[in-house]
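Hi everyone, thanks for making time. I'd like to walk you through a two-chain model, so let me put it up on the screen.

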Amino acid sequence: MSGRRLFAGPARRAAVAPLLWMLLFFLLPFGFVLKISLSHTVIAQPPYLPVFDLTAGVAAIKAAFAALSLENFRLLISDDLYVLSYLRSVTVALIATAILIAIGYPIAYGMSRLPRRWQPIAMMLVIVPFWTSFLIRIYAWINILQHDGLLNKVLLALHVVSAPVVWLSTDTAMYLGIVYSYLPFMILPLYATLAKMDSSLLEAAADLGSSRLQAFWLVTFPLSLPGIAAGALLCFIPIVGEFVIPDLLAGSDSPMIGQTLWLEFFTNRDWPVASAIATVLLVLLVAPLLVYDRLQRRQLEARR
Amino acid sequence: MKLSRFNLVTLILGLVFLYLPIVILVIYSFNASRLVTVWGGWSLRWYSEFFRDDAMLAAAAMSLRVAAVSATAATLLGTLAAVALTRGENFRGRTLFSGMLYAPLVMPEVITGLSLLLLFVAVNAERGFWTVTIAHTTLTMCFVAVVVQSRLGSMDRSLEEAAMDLGCNPLRAFIAVTLPLILPAVAAGWMLAFTLSLDDLVIASFTTGPGSTTLPIRIYSEVRLGVKPEINAICTLIIGLITLVIIAASLASKLSSRQGESAAPL
């Protein structure tokens, strides 16, 4: 295969531009987050005191290292607000991911059992909401959930409730919004795994005397675990840092960490503390990110 | 394997859950009543309201410009990245490279937005159109790379090899053989990048400057104050635009699937 090797050299050179772009605009910025998380807060524009000044030579760099402060990180540990925000974010993400698996699995399973020619249509129908705006979909729920919204009207008309129920600014509304927004992310990897499954395995299980339910639990479910893992990570990681959904649908008493970061940055203009929050969040997410990265790479490169 | 009634019911319920809120929103955008919850007959009143709202129109124009430029840049960079990953065999830095490409797909937007803003402030860049465009390019090129990569991965490589055996140099083989075959996926990638950019609130909020507000930022500040019929109309227009894009994309991927396994957007 001489052609293959000939192609590889120029193909590698194609990596130069995107690689430089990502180094400059994805990796390097984390350095600034780290740097500013170690700076002092001042009231100025920009609102932090730069600790590094490379133009001033080696002595200045040494002085800068001596001046690096962990005060922002100490604040994160000492103030309950931040610890509670992190805990709340992780709890919400775990619960939401569990609900997503419970709802997404039957849907993905149903899709994979459709006749072959319907499957692309079903997949398209699941993907389309993913393309329409995130913000609009949350806004659509506000329409439905507000005090005199459609949901309360229907419930009142059916005499399920006697007075309008408060839906907005509750955890119920927030979970509904999260599940609604992330459902396609859960269904697609699950469907991809379930559709690839060899149906002769189920026939074999049936031949060996297992009922359909047994065959599902002993064959289908274990084989679909990689899909569940991929879907769970694809949802869990961004939900931990979610801002828009809890901001618009949940109550304001216990913010998620994305909201706390937003507040520190935009309202309090405390960039160093916001950076420290982002640094800790990133550290929390490193393990799930690495697992996700491996799964993603294995899936895409299996087809090479 | 047969489709049981239980499967069919869950599937239909799932799709209803996904679409009902959007359908309701679209219907209420044609409501004549000022009260968003009372039906007052059909009307286009809120659409004409939107077309008279200069601030909202300016934000929409800004968003469309950012989306067009960033989607184009992202498609170029993302396609190059996909070619390098699927055809470059093993090269040094490959693990880091693919890691950097997949991470932004799930990275919480508050982190990406904050880190890019701090970079722009550190180099004293004037915040506005270009900073938002660069930020959106960084995010969306990863989605383009995934879409194009899945097409390249399922493509028959013997065609490229044949072209080179017949005397094409690699660049020519790529332009004459590979590119036409992956073009539908590249087009789908561009459209996905365009809609993602049009949709983004968090990253744009961090990286924009005073005077250059994007549509989602404007919508968000209105939504915080409550439901307004005009917002329903704007949202319906966006949904309409995106629907057109999706139809184009699905035509593109139909073209692509005629040549082999279809490349799903994502």
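Let me start with a question: is Trp262(A) buried or exposed? Trp262(A) is buried, at a relative accessible area of 12%. Buried here means under 20% relative accessible area, exposed is over 50%, and partly exposed is in between, with a 1.4 Å probe and protein chains only.

Quick housekeeping. This is a predicted model, where local features need pLDDT of at least 70, side-chain atom pairs count only at pLDDT 80 or more, and totals for chains, interfaces and linings use all residues. Residues are numbered from 1 along each chain as its sequence is written, chains are lettered from A and ligands numbered from 1 in the order in which they are written, and side-chain values use heavy atoms, with hydrogens and water left out.

Now the chains. Chain A has 15 helices and 2 strands, while chain B has 11 helices and 0 strands; these are DSSP runs numbered from the N terminus, H or I of at least four residues for helices, E of at least two for strands. In chain A, 52% of the 304 residues are buried; in chain B it's 61% of 266.

Back to the aromatics. Over all chains, a search of the whole structure turns up 27 aromatic pairs. Rings of Phe, Tyr and Trp (its six-membered ring) pair if their centres lie within 6.5 Å; planes under 30 degrees apart are stacked, over 60 edge-to-face, and the rest tilted. Trp262(A) and Phe206(B) have ring centres 5.6 Å apart and planes at 75 degrees, so that pair is edge-to-face. The tryptophan sits in α14 of chain A and Phe206(B) in α9 of chain B, so the pair joins two chains. Phe206(B) is buried too, at 1% relative accessibility. Trp262(A) also pairs edge-to-face with Tyr220(B), 6.4 Å centre to centre and 70 degrees between the planes. Those two belong to one aromatic cluster that also includes Phe243(A), Trp271(A) and Phe206(B).

One more spot: helix packing. Helix α2 of chain A (residues 16–37) packs on helix α5 of chain B (residues 109–122) at about 80 degrees, axes 8 Å apart. Axes are lines fitted to C-alpha atoms, for helices over the stretch in contact, with angles from 0 to 180 degrees between N-to-C directions. So α2(A) is roughly perpendicular to α5(B), a label covering 65 to 115 degrees; under 35 is roughly parallel, over 145 roughly antiparallel, the rest oblique.
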